[in-house]
Amino acid sequence: MHWIKWFLMAMAVVLAAGILFFTFWLRDRYVVPILTYHNVSDATGRSALNNVTPRRFAWQMKFLKEHGYHVVSFDDWVEGTKKGLAFSHNTVVIHFDDGYEDNYTQAFPVLKSYGYPAMVFLISDQMGAPGFLTWGQVREMDAHGFKAGAHT
């Protein structure tokens with residue numbers, strides 16, 4: 001039973017150290033949320049698992065604007081993080097996975113209207129396939145702050 005007392009004391013010390021660490025070291029460091037999307041469509045059923053409706057997506061972007069959020073590009077976030085820059089507490093990054101066509105038809109017009117940059121990670125084998133982005137769409141999006149990268 002003596003070991004239980006020592007174990008509980010050790011756990012209390014670890015807990016106290018953790019609280020001090022988060023209170024004094026991390027309190028001034030903001031971890032930038034990355035808002036990750038796949039599909040922006042009205043799909044239902046199984047195809048809606050990684051989906052947000054166009055209406056909900058537009059509402060989320062409007063929320064960011066109305067509440068003073070600062071949307072930074074993925075590249076600016078990476079570079080700032082490498083340099084140890086402190087981001088303001090209202091900074092977010094927007095990112096899409098897989099390169100679905102609705103990223104162009106549904107999300108891109110909304111993002112463009114707010115001037116928000118975003119990043120899409122493309123599956124190169126799917127480019128131009130039904131339901132996926134074309135290279136022409138990617139180039140147009142790139143001209144408006146919607147950058148592309150490789151999904152792999």
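Q: In this predicted model, which residue stands opposite T91 in β5, and what makes β4 and β5 count as paired strands?
A: H70 stands opposite T91 in β5. Strand β4 (residues 70-72) is joined to β5 by three bridges, and the two run parallel. Since pairing requires at least two bridges, three bridges meet the criterion, and β4 and β5 are therefore paired.

Q: How do you know that β1 and β5 pair, and in which sense?
A: Four bridges link strand β1 (residues 34-37) with β5, in the parallel sense. The requirement is at least two bridges, so four bridges qualify β1 and β5 as a pair. Within this pairing, I34 is placed opposite V93 in β5.

Q: What pairs β5 with β6?
A: Four bridges in the parallel sense pair β5 with strand β6 (residues 118-122). Here H95 has M119 of β6 as its bridge partner.

Q: Which elements make β-α-β units with β5, and of which hand are they?
A: One right-handed unit is made by β4, helix α3 (residues 74-82) and β5. Another right-handed unit consists of β5, helix α4 (residues 102-114) and β6.

Q: Why is strand β5 called largely enclosed?
A: A residue is buried when its relative accessible area is under 20%. Eight of the eight residues of β5 (residues 91-98) are buried, so the strand is largely enclosed by the rest of the structure.

Q: Why is V31 called exposed?
A: The relative accessibility of V31 is 68%. Exposed means over 50%, so V31 counts as exposed. V31 is located in the loop between α1 (2-25) and β1. Its C-alpha atom is separated by 8.2 Å from that of H89, 58 residues apart along the chain.

Q: How do you know that the buried residues of α5 lie on the same side of the helix?
A: The buried residues of helix α5 (residues 135-142) are Q137, V138 and M141. They cover an arc of only 100° around the axis, which puts them on the same side of α5. Among the elements covering these buried residues are α4, β6 and β7 (146-150).

Q: Which residues have the most contacts inside the largest nonpolar core, and which element supplies its largest share?
A: This core has 23 residues, and F57, M61, I94, F96, L111 and F146 have the most contacts inside it. At least two residues each come from α2 (54-66), β5, α4, β6 and α5. The largest share, four residues, is that of α4. Apart from this core lies another, of seven residues, including V72, F74, M119 and F121.

Methods
Residues are numbered from 1 along each chain as its sequence is written. This is a predicted model: local features need pLDDT of at least 70, side-chain atom pairs count only at pLDDT 80 or more; totals for chains, interfaces and linings use all residues. Side-chain values use heavy atoms; hydrogens and water are left out. Buried means under 20% relative accessible area, exposed over 50%, partly exposed in between (1.4 Å probe, protein chains only). A crossover is right-handed if, with the strands pointing away from the viewer, the path from the first strand over the helix to the second runs clockwise. The arc is that of the directions from the helix axis to the C-beta atoms. Contact means heavy atoms within 4.5 Å. A nonpolar core is a set of buried Ala, Val, Leu, Ile, Met, Phe, Trp, Tyr and Cys residues joined through side-chain atoms within 4.5 Å.
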